[in-house]
Amino acid sequence: MKYPENMLEVCELLPDYMGFIFWEKSARYFDGIIPELPKSIKKVGVFVNASLEEILKKIEMHDLQAIQLHGTESVEFCENLKKNIPNLIDIIKVFSILDTFDFDLLKPYEKVCDYFLFDTKGKLPGGNGTSFDWKVLEKYPSTKPFFLSGGIGMDNIEAINEILKTNLPIYAIDVNSKFEIEPGLKNIQLCRDATHYVSTIKKIKMSYNVNEKGYYGEFGGAYIPEMLYPNVEELRQKYLEITAQPEFKAEFDQLLKDYVGRPSPLYFAKRLSEKYNTKVYLKREDLNHTGAHKINNTIGQILVAKKLGKKRIIAETGAGQHGVATATVCALMGLECIVYMGEIDIARQAPNVARMKMLGAEVRAALSGSRTLKDATNEAIRDWINNPVDTHYIIGSAIGPHPYPDMVTRFQSVISEEIKWQLKEKEGRENPDYVVACIGGGSNAAGTYYHFLHEPEVSIIAVEAAGKGVNSGHSAATSKLGKVGVIHGCKTLLMQTPDGQITEPYSISAGLDYPGVGPMHAHLALTGRAEFFSVTDDDAMKAGLELCKLEGIIPAIESSHALAVLNDKNFKPEDIVVISLSGRGDKDLNTYIDYFKL
Ligand SMILES: *Cc1c(COP(=O)(O)O)cnc(C)c1O
């Protein structure tokens, strides 16, 4: 901005930041006095290769709250600047993009600035009025929030709506030359239109993705013993960089295709649809190799482990499903595999123990405490602390300390990615009216929801296990019974006694028998983005048997919980309801036999 009167007009629209260019060669060069602005608007000084003294002088003179560096300022310069200004002043480093960009350049800047700003490379720094291909940003390997800039105008504002639906950590939209009458003079009517548009999409954009610190709203984070910090930190620093590499993506995709058997079909369940008078599609994760969605995550994580140079894999397992999925990928990659399992669970889950052994894994019994999942987790963590250099710990759901929930979610997000194009083929539209999934820790659900989180017309339904009834004392209905607490290294909703002891959960299905939910789901519950249902053992078993009779598919009992929603909610005949069939029922045959006295 250049003209005080114009500044005050723009202020009425309450932007978050207002910028002043202190580079003499710019047509927008400002050397006047900034009038008093509302306190909520941060004043940004824009500099191009200015000296530290010059910047400090302008901060003092104009009471600037942010510094935008538009030149070729080095990492050392930013670091020195940071040391010399109050912490509250934001440092925004600009990078100009043409058609490609080497994102490796950003890494050293992450620690020395608060935000990045991406604009279009032109002859002079800034204000060219042309936009770069935002697709370049698909490879953004960071969670550092950034300003999106470069040729944004009312003619391409729809594209902003689209890019805001992605998981990119877009912090702000920089509107400049296309909203001007002349350099430095804003067209108020255009600014008003843009403000209206952006504030509408801002409401939708309420983020359901993880932020830079590892939080979904108030949930998430990394609550870990100090001795574990180096291991988790190594992963946090590298996971996005590794998974954004084209070779990584190519190998992951190829294994999902040839080894897992993806894409899994999106099956229109005709007879089920007729019975409930709505359109039901089943996402057939039950057809994956090893019989459930868990393999998507273990393949992703073992590839990350390899890139980190790890030689040894550990995991914990309750019912044994995650142990089997981990043992499978270790055999595939020829890595040593140790699975911790409670002594009681080893006795209860003999077939899965046998599978793990056949696949070459060592199953180690956890002998302490209640000798179940919680104790196996403690043993696995102890192992990791003792073997930080050569070992990767594969967590089996969208839980654990940051970055695990986000990493697992991204690997599972292939589920919703496929749903989009499969539904487009079958129904001519990408978005269903509902997506439904069961939640234990929340990995199949997170993957099923992921690409729909920011599509407001898609309703999200989460189904947890009510066991013998929500208030029976035998359930796993965390969204109804849980309080904020820490489990597995993250802050989330957790079933606990008034003095904070974790309550023993119960469900007929082993995979839903977990006392918490992943932090993303706690956030979806709290914000109301997802509607939570609690389904009893009896209702789930009935729904499972119904799918056998109507469609010839024997579902996992976990997935049967999701199916039971068809009884609990009235869908309209024209609604498209996509249900995640997370796994097949083979593993549950004994439970079905006992329950139905077959
Ligand atoms: C493990 C499992 C689940 C529950 O785990 P999430 O992480 O909540 O998806 C659900 N369905 C099946 C078939 C499973 O094996």
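This note sets out points on a predicted model, from its salt bridges to its backbone geometry.

1. Salt bridges overall. A search of the whole structure returns 35 salt bridges.

2. Lys 42 and Asp 90. These two residues form a salt bridge in which the closest N and O atoms are 3.1 Å apart. Lys 42 belongs to strand E2 (residues 42-47) and Asp 90 to strand E4 (residues 90-97), so the bridge ties together parts that lie 48 residues apart in sequence. The cut-off for buried is under 20% relative accessible area.

3. Lys 107 and Glu 241. A salt bridge also joins the side chains of Lys 107 and Glu 241, with an N to O distance of 3.4 Å. Lys 107 is placed in the loop between E4 and strand E5 (115-120), while Glu 241 is part of helix H6 (residues 229-244); the pair therefore ties together parts 134 residues apart in sequence. Lys 107 is partly exposed at 37% relative accessibility, and Glu 241 is partly exposed at 29%.

4. Glu 427 and Lys 279. Here the side chains meet in a salt bridge of 3.0 Å, N to O. Because Glu 427 lies in helix H15 (residues 414-427) and Lys 279 in strand E13 (residues 279-284), this contact ties together parts that are 148 residues apart in sequence. Glu 427 counts as partly exposed, at 25% relative accessibility. Lys 279 is partly exposed as well, with a relative accessible area of 29%.

5. A salt-bridge network. Beyond these pairs, salt bridges link Arg 312, Glu 336, Glu 362, Arg 364 and Asp 383 in a network.

6. A negative surface patch. On the surface, Glu 24, Asp 31, Glu 53 and Glu 54 gather in a patch of negative charge. One of these residues, Glu 54, is located in helix H2 (residues 52-62). Glu 54 is partly exposed, with a relative accessible area of 35%.

7. Leu 598 is found in the segment after helix H22 (589-596). With a relative accessible area of 70%, Leu 598 is exposed.

8. Cysteines. The structure holds zero disulfides. Cys 330 is in no disulfide, and the nearest cysteine sulfur to its own, that of Cys 337, is 3.7 Å away. Cys 330 is buried, with a relative accessible area of 2%. Cys 337 likewise counts as buried, at 4% relative accessibility.

9. A buried alanine. Ala 380 is part of helix H13 (residues 373-386) and counts as buried at 0% relative accessibility. Between Ala 380 and Gly 544 there are 34 Å in space, C-alpha to C-alpha, and the two are 164 residues apart in sequence.

10. Cis peptide bonds. Arg 262 and Pro 263 are joined by a cis peptide bond with omega of about -5 degrees. Pro 263 sits in the loop between helix H7 (246-260) and strand E12 (266-268). A cis peptide bond also joins His 402 and Pro 403, where omega is about 15 degrees. Pro 403 is found in the loop between strand E17 (391-393) and helix H14 (404-412).

11. Positive phi angles. Which residues other than glycine have a positive phi? Asn 277 has a phi of about 50 degrees, and its place is the loop between helix H8 (270-276) and E13. Arg 371 has a phi near 55 degrees. Arg 371 lies in the loop between strand E16 (362-366) and H13, and counts as partly exposed at 31% relative accessibility.

Terms used: Residues numbered from 1 in each chain as written. Predicted model: local features only at pLDDT ≥ 70, side-chain atom pairs only at ≥ 80, totals over all residues. Heavy atoms only, no water. Patch = residues over 30% accessible without salt bridge, like charges linked within 9 Å, V, L, I, M, F, W, Y side chains within 5 Å. Areas by Shrake-Rupley, 256 points an atom, 1.4 Å probe, with all protein chains shown as cover. Salt bridge = Lys/Arg side-chain N within 4 Å of Asp/Glu carboxyl O. Lys, Arg positive; Asp, Glu negative; His and termini not counted. Charge placed at Lys NZ, Arg CZ, Asp CG, Glu CD. Helix = DSSP H or I, 4+ residues; strand = E, 2+ residues; numbered from the N terminus. Buried < 20%, exposed > 50% of the residue type's maximum accessible area, 1.4 Å probe, protein only. Disulfide = S-S within 2.5 Å.
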